[in-house]
Structure formats: structure tokens, C-alpha cells
Amino acid sequence: MPCLLFLSGGPGFSAPRPHDASSWLKSATSVFRVILMDQRGTGKSNPITVNNLSRRGGPAEQAKYLSFFRADNIVKDAEVVRKTLVAADSYGGRWSIIGQSFGGFCCATYLSFAPNSLIEVLMTGGIPPGILEPCAAETVYRRLYKRVALQNARYYERFPGDVALVQRIVNWLAAQPMGGYETPSGSLLTPRALQLLGLGGMGMGGGFERLHFTLETFFDSEGDITPCFLKSFDQQMPWDSNPLYAMLHESIYCQGAASSWAAHRVRQLDEFRPAFDAVDAASSGRPVLFTGEMVFPWMFDDFACLRPYKAAAELIAQKSDWGKLYDADVLACNNVPAAAAVYFEDMYVDCELSQATAARIRGLRQWVTSEYKHSGIRDDGGRIFDRLINMVRDQILLD
């Protein structure tokens, strides 16, 4: 069987373990030997944790160390794995790859720098935006805040009673002596931290329901916050187990310029600041909007596990000498069969920006659909995998 490498989303998340026999994996293992590689810094690949990062030295040493954990080096690692596992007489030593979300970004990097190692490429919710820009982060967030606002509107249409509930929660948190309430992890649950629940609640399949049933546990019968909610909030914030996401997220858009906390800067623009000001919205009777996959500098104040790394995070945000992640000339001459599932209503990877990049990858075939959110590969992976593999092998004809 040929080998198929799965590149997971993130950055900073390990490969899924096959204990649940997800539907895409069932389909894939019928025709491939599937390799679930923990990207460097995750899982069993020398994971970076909030405990061991401090051993790398001070903030400057930590920031320098973390700079080696982006897509360019993930591809270099994958090449070592390929040369070790894939026999030379198996498709000339080549393998196929599939990437979800950030894993799709890694696929585009792979196509840029090691295309001769690939049989075919599949991407799900992960065509990288702005590949010609030195840093596309600001462009990305100007689009994504609009998509996040739209998802909030749909959420409140689904659960109209939550408008008043979330306003009440925000007002209660703002009235606390520290402007928030300490969670069991030692973090400070502030109104702005509450908005981060949109990361998993707004743009994933079943996310609306998970968010709603989390929020309904906030108050007890006497109007106090419940231990149940506090525990749930801590569990939904991945920063202690996945610090790479918080530290490196905006750098995935950088190849020659600094991100300078792009999501935070864009949020302060007149176009978005009133809508995403939780305290002002709650006090004036407007719906409180949750945020999406954005990372903000104040998270390194509000979340206990991130506080020791505030200085390192600032150095990373201001780093401007990032290396290239994509080679537009190579992609324009691409000869590797490639297919992508693009989710029209994706809240994390803007569809229009994806289309602009797709037009620069020669031969890339797309399935643009509004049937799924960003988590399509998890929600209906078998169907998505089968369609993409048939597209990339020209067994489905598209206009």
C-alpha cells in the first residue's frame, strides 16, 4: 500500500490517536498505510509544555527556540520520516499527504519545497491565505472578524435567550473586584476571556449547542458562579496543554514581516471595536460577541499558565525576519495532483482568501461547499475523504 501522511491542525496540536476509528481514517486505511505524525513540539515529538519551555532560558532564548516550530521545519521533519518509512520501490519513495486546517497550510509548504516527494495532496479547510504577503495576518483578521460576527448572529438566532444570559454574565464578571473571577487553574475569567469560548463554539460542527449548554451552567440558584462552569471553562481553554498555539499562531502567516499582534490591532479599529467590546455591549443592551481563533496579548495576563511567557510572546509578535513558507513560482508550475475541500462559511480560514491562493496553485481542484463548517473532516470525514481522493485521481469530473 502507498503511504499517506496526515498533517493535523494547529499549530501546536498532536496528531489524532485512532482510538475512535473516525470515518475518514476508515476510508483512508482501505487504500493507504496512514501515518499520523506528531508535528515537532507536540505529542511524542519532544512536546513543548508550559512546564519545560522555561528550561530553554530567558525570553530571548525561548522565542528563538520556538521560531523553529513552523510549517517549514514541519516539512523538513516529514521528509526525514518519509525517507525512513517509505521504501524506494514504493512509488519511487514518494507518499501522499492530507492536511486539515493548519495542516493544509503545511501541505502548501510541502508543495513549495519538496514536491518531488509527493504522489498527491489533499487539503481540508486549509488553503493558506495571502501567500504573496510578507505577513498576511492583518488581511486575514479583517476578513475573519466579519465571519465571526456573522456566526454570532446565527448563534443568537438559534438561542435567542442567550442574549440576555451572556449580558448578565459579562456584567457579573465586570463587577468582580479584579474585573473577573479566578478559575481553579489560577486564571482570571474576565469578560474578554469569556469571549474566547467562541474558539470552539462558533465555527465547529455542534459548537453552538456545546456553547449554549456551557453557558447555562454559569449561575447557580443564588446568582453565583458555579464550579461546573469554572471547570468547563478551564477545560475549553487549551493554552496549558497547547502553548504553541498561543505563542506561534500569528506567525503562521509571516514570511518576512512581523504580525505585531494583528488580531488585537484589527479588533481596535473603529469597524470592529464597538461590536467586540463585551462590557460596553452588555451594559448598553447589545448582544455580546464571542471571538474566534484569534490570539491576544492580554491572554498572557489573564491565563496563569501563559503569564511566565509574556515576554517571549512579545518577542515573537515583533519578530520580522521569518523565513519563507511558500514559493509562489513553484506552486504556479505545480505538477502534483491536488484537491481541496473549501468550506464556504469557514470561520477560521476565509473562503475568498483561499480562492485567491488556489488560483496560484497549478492544477488544484476545489470542492467549495456550505454543507460543513471548519470541522468537516471530523463531522463527515469518510464522505469528504472519498470525494477528494476521487477528485485528485480524476474520477470525478468537475466544471
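Visitor: How much space lies in the largest pocket?

Guide: This is a predicted model. In the model, the largest pocket holds about 1300 Å³ of space.

Visitor: Which residues are closest to the centre of the largest pocket?

Guide: Gly9, Phe13, Gln100, Met204 and Arg378 are the closest to the centre, out of 44 residues that line the pocket.

Visitor: Which elements give two or more residues to that lining?

Guide: They are α1 (23-29), α4, α8 (198-201), α9 (207-215), α10 (227-236) and α19 (376-379). Sorted by class, the lining has 23 nonpolar, 16 polar and 5 charged residues.

Visitor: What is the volume of the second largest pocket, and which residues line that pocket?

Guide: Its volume is about 220 Å³. Among the residues of its lining are Pro191, Arg192, His264, Arg273, Asp277 and Trp298. Four helices, α7 (191-194), α12 (262-267), α13 (273-276) and α14 (278-284), each supply at least two lining residues. By class, the second largest pocket is lined by 5 nonpolar, 3 polar and 4 charged residues.

Visitor: How does a cavity differ from a pocket?

Guide: A pocket is an open set of points, whereas a cavity is a set where a probe fits but cannot get out. In this structure there are 3 cavities of 30 Å³ or more. The largest cavity has a volume of about 90 Å³.

Visitor: What lines the largest cavity?

Guide: Its lining has 14 residues, and Met247, Glu250, Ser259, Ile316 and Ala317 lie nearest the centre. The lining divides into 10 nonpolar, 3 polar and 1 charged.

Visitor: Now to a pair of helices. At roughly what angle do the axes of α3 and α4 cross?

Guide: The axes of α3 (residues 71-85) and α4 (residues 102-113) cross at roughly 75° and come within 9 Å. Angles of 65 to 115 degrees count as roughly perpendicular, so α3 is roughly perpendicular to α4.

Visitor: Which residues make the contact between α3 and α4?

Guide: On the α3 side they are Ala71, Asp72, Ile74, Val75, Ala78, Glu79 and Arg82. On the α4 side they are Phe102, Cys106, Thr109 and Tyr110.

Visitor: How many residues of this contact are nonpolar, polar and charged?

Guide: The contact of α3 with α4 has 7 nonpolar, 1 polar and 3 charged residues.

Conventions
Residues numbered from 1 in each chain as written. Predicted model: local features only at pLDDT ≥ 70, side-chain atom pairs only at ≥ 80, totals over all residues. Heavy atoms only, no water. 1 Å grid on protein atoms, 1.4 Å probe; cavity = no way out; pocket = protein on both sides within 12 Å on 5 of 7 lines; lining within 4 Å. Points joined across faces, edges and corners; volume = space filled by probe spheres on them. Nonpolar A, V, L, I, M, F, W, Y, C, P; charged D, E, K, R; others polar. Axes fitted to C-alpha atoms, helices over the stretch in contact; angles between N-to-C directions. Parallel < 35°, antiparallel > 145°, perpendicular 65-115°, else oblique. Contact = heavy atoms within 4.5 Å.
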